[in-house]
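Open the model in a viewer and keep the sequence panel beside it. The stops below are meant to be selected one after another.

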Amino acid sequence: MVSARWRRVASQIGRSIAVWAVSTLTMLVLAGILPDFQLRSADGDSATDIAVTAALGAGVFGLLSALVWPLLVRLLLLVPALVLGLLVFFLNGALLLVALRLNPAEQGGATWETAVVVAAVMSAVASATGGALAVRDDDAYRRRLYRLADRRRRRDPAAPSTPGTLFLQLDGVGHDVLRAAVGKGLMPTVARWLDGGTHRLTPWRTDWSSQTGASQLGILHGSNEDVPAFRWYEKDTREVMVCNRPTSAAELQRRAVERTGDGGLLSADGASRGNLFSGGAGEQALVLSIATRRRSRETRSRSGYFAYFSDPANAVRTALSFFAEIGREIGQSTRTRVRRVRPRIGRGGLYPFVRAFATVVERDVVVASVMGDLLAGRTAVYADLVAYDEVAHHSGPASRDVEQVLQRLDRALALIEKAADHAPRPYRIVVLSDHGQSPGETFRTRYGLSLGDLVRAGCGLPVPRRARRTHSGAEARAAVRAALRRPVEEKAPTGRRSEPIVLASGNLGLVSFPDVPHRMTKEEIDARHPALLSTLANHPGIGFLLVRSERHGGVVLGPFGTEIPLGELDARPGPLAVFGPGAADAVRRTHGFPHTADIMVNSWYDPEEGEVLAFEEQIGSHGGLGGAQGRPFLLSPLALSAPVDGDGELVGAEQVHRVLRRWLRETDGPQVPLTEPQDEPRAA
């Protein structure tokens, strides 16, 4: 009887022969279609000679791809990820030209541009053929993981037996969105974890600044103090801080480390993948806070990055998927325009490319890096997948477009779970989100002017006839710039220093007067611009304002002259009542930040529909108070202790950090020192 091992070898040989045969046929077809691609001499050859030439060419090309491609990728590890993805086609074309030159039949030729096309098609067809044949072999993928894991074990036979922990962040996926996706059957992997009793789902509440910068800084570094929004103006330095700007991310991380006295959650044998901040990890890939630094041997990631792009079929598949995603976005945006779907925003320009990067390139690189980390047996890994957040900003958090993204994210979870099965140590997989998203049309669409125009009107300044578009704070845009190593620094608005600076962070607006060195009080603002605060507070698109007060320290302003000191909000919440429990605490905490703006503006919120009005061009937004944006989730294994006891509620990103740190201690992982004596999240 033939052993199972020899059956696997025979199966592998059979697949290789099939892929070679299909590649040969593909080369013959392309030679008949493309005039600049020839498999015969100038005098003409018989059909047999042409077939032999194609077979030899396909074989040499496949051999070069297997042997030379990994060396090329290793040499190009310092090339930005997105650039490498685009270089894939040209590198494959070069390999094909070499293959034709090395062909023993000494026949065949192609122009450079034709070689690129032929190589791309052949790699794609070979990848599709191999994948189709492997579908009927359930162990095909598992065997590849076994081989990778065995290599790791041989290099490091003394792998730790204690469990490692993977923290996988699904950026922007709210608790209710996850529940709905599981109910619709869009996320079978998550459903299996919940129905099988291996995981628990826990909601948590964000700070007022419900966005990745504040949440991830608190989760990874234990402190998001003095992060009032996604972008804000600092009077002492006269700079605009933007969480997805590399220099700002580096500075925020430095401040957090200085404040806590600790490197971060991942400081002991950790890896950070696709995040804004490093968490103190020694292994980093696509981390924004180090994007402005020259990559060193210690900061670049070889595990996962090399493992993924060393396979030319994988590289070509990612590149082809990138362009397919661009086509998908163009088709979906065209459909919304034809059907006159409301709300709707413009989705042209570079957005299709940004979306494709977030949903394809970033996902593939991060997932491959995480799989490499698991097979390397790292103690703690934190990775961020931004696909949902990017698409939901432009398509809406509950649209058909995002349902497809959620399905692909679930498949990524299943792939990572399989890799964990073959890791040298057991792993506990924790899935979480940093915030949710709240739907609603933009402030500009509803009222025909931006928040900046409204502020200028209240100050008695001229208002432009056509409202200017605001910046989008989507994390994927910064990830694209970081991947290209072309970070764009956002400068402070130009103009007279006496004019206000108005910045938007989702449905949270910030107004600062740069010519006043301190945070202005209500009394000073009224003396300078008597109509400004009442104009803002009485506008139907504004929920409430927060300003400093000489008499009360801080006050919340609402319509019809409502003015409530912060100390009285618990007994008299006023305009904060519709924003639910915890709103008063969140506002009071932000009021104490050194760089809180002169006027903090939160948009209107409809508690029945869950809608807000974004001050940016987004129909799914986050950054302020109101709705699902402030209710992310924490999906944790039952093997770990409960995030909170009894009916307690997990409040704030800093408290999530404490829970994750406790779980690392439970698995004998990295010992992150406490910065405060208490170690349990506060109950609301």
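The tour goes from a sheet to the helices on it, and then to one more helix.

This is a predicted model, in which local features need pLDDT of at least 70, side-chain atom pairs count only at pLDDT 80 or more, and totals for chains, interfaces and linings use all residues. Residues are numbered from 1 along each chain as its sequence is written, and side-chain values use heavy atoms, without hydrogens and water.

**The sheet.** Select the open sheet of 8 strands, ordered β8-β7-β9-β3-β10-β21-β4-β22 with mixed pairing. Strands are DSSP runs of E with at least two residues, helices runs of H or I with at least four, numbered from the N terminus; two strands pair if DSSP finds at least two bridges between them. Which strands stand at the edges? They are β8 (283-285) and β22 (650-651), each with a single partner strand, so one side of each has no neighbour in the sheet.

**Inside the sheet.** Now select β3 (164-170) and β10 (427-432), which pair in the parallel sense over 6 bridges. Leu168 has Val431 of β10 as its bridge partner.

**A helix on the sheet.** Helix α12 (351-376) packs on the sheet and touches β3, β7, β8, β9 and β10. Contact means heavy atoms within 4.5 Å.

**Last stop.** Select α20 (583-591), where Ala583, Ala584, Ala586, Val587, Thr590 and His591 are buried, that is, under 20% relative accessible area with a 1.4 Å probe, protein chains only. These buried residues pack against β14 (542-549), β15 (553-557) and β17 (599-603).

Definitions and conventions:
Axes are lines fitted to C-alpha atoms, for helices over the stretch in contact, and angles run from 0 to 180 degrees between N-to-C directions. Buried means under 20% relative accessible area, exposed over 50%, partly exposed in between (1.4 Å probe, protein chains only).
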